[in-house]
Amino acid sequence: MTTEASSLPTGIFVVFEGGEGSGKTTQIARLAAFMRAKNLTVVTTREPGGTVVGQSIRALLLDPATGELSPRTEALLYAADRAEHVAAVIAPALSNGDVVLSDRYIDSSLAYQGAGRELKLDDVALLSQWATDSLVPDLTVVLDIDPRVGMSRFEGADRLEALSLDFHDRVRQGFLDLAAHEPSRYLVVDATQSPDVVESLIQARIVELLDQA
Ligand code: TYD
């Protein structure tokens, strides 16, 4: 028997944010499976690199061979990747009524280029707002972890991972400040808990969101 995928009037847009090694990839895969089991059509995607052009931008941004970039150049490249991502992937899926799960979005720019690189938050916000035509997620899940723990979970470092712990501490605080500012649109989860516990906390919040949709 084939069950037809059910769709939602305006789709649902959920973003996962957090520092390095916070377990976003695992949790996105688990949430996608949970929502697919509810017969929803789920698109999983990521930034940077969720489009063909985005993959070239991603390579530029993350390759240690790129060397130092002006923080403004870095912010513009992430914003360009995001503009294409929204136009080519996210907005079309949402207008189809699909669920979109994105590994990172605007808050990564606010946390890394704003809090981390110390560009003015308002400037970074304005840039992303323009790039996305003001598309805001329905829910942002912040997987919170001390960078000392997160960074010890993997080996090797790309251009941003190689930055100081001070930088990553500012990034972490950047995410927590954004969440504290708008608790109704955020779920902050302690990512040092077991993957099963993290998964069930996220599912509980998603069930609430689906009930409202
Ligand atoms: P990625 O390999 O996707 O890392 P992760 O698995 O941690 O998501 O690399 C993305 C890197 O780009 C990560 O260090 C965060 C950084 N980033 C920004 O600095 N600004 C942004 O706007 C985005 C989307 C990512």
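A polar contact is a pair of N or O atoms within 3.5 Å. The views below show a predicted model.

**View A. Surroundings of the ligand.** The ligand is surrounded by 16 residues, and the closest are Lys24, Tyr78, Arg104, Ser109 and Gln113. The side chain of Ser109 places an N or O atom 2.6 Å from an oxygen atom of the ligand, which means that this pair falls within the 3.5 Å limit of a polar contact. For the side chain of Arg104, an N or O atom is 2.7 Å from a ligand oxygen atom. A nitrogen atom of the ligand is 2.8 Å from an N or O atom in the side chain of Gln113. The ligand taken alone exposes 550 Å², of which the protein buries 90%.

**View B. Arg82 in helix α3.** Helix α3 spans residues 71-95 and contains Arg82. With a relative accessible area of 2%, Arg82 is buried. Its side chain is joined to that of Glu47 by a polar contact of 2.7 Å. Beyond its neighbours within four places in sequence, Arg82 is in contact with residues including Tyr105, Ile106, Ser109, Ser128 and Thr132.

**View C. The largest nonpolar core.** This core has 25 residues, and those touching the most other members are Val14, Met35, Leu101, Ile202 and Ile206. Two or more residues each come from β1 (12-18), α1 (24-36), β3 (99-103), β4 (139-144), β5 (186-190) and α8 (195-212). Not counting residues up to four places away in sequence, Met35 touches Leu40, Val42, Val99, Leu101, Ile206 and Leu210. Another core, of 14 residues, lies apart from the largest one and has Ile57, Leu61, Leu77 and Phe175 among its members.

Definitions and conventions
Residues are numbered from 1 along each chain as its sequence is written. This is a predicted model: local features need pLDDT of at least 70, side-chain atom pairs count only at pLDDT 80 or more; totals for chains, interfaces and linings use all residues. Side-chain values use heavy atoms; hydrogens and water are left out. A nonpolar core is a set of buried Ala, Val, Leu, Ile, Met, Phe, Trp, Tyr and Cys residues joined through side-chain atoms within 4.5 Å. Buried means under 20% relative accessible area, exposed over 50%, partly exposed in between (1.4 Å probe, protein chains only). Helices (H or I, at least four residues) and strands (E, at least two) are DSSP runs, numbered from the N terminus. Contact means heavy atoms within 4.5 Å. A polar contact is a pair of N or O atoms within 3.5 Å; within protein, one must be able to donate a hydrogen and the other to accept it, and residues adjacent in sequence count only if both atoms are side-chain atoms. A residue is near a molecule or strand if one of its heavy atoms lies within 4 Å of it. Accessible areas come from the Shrake-Rupley method with a 1.4 Å probe; for residues, only the protein chains shown count as cover.
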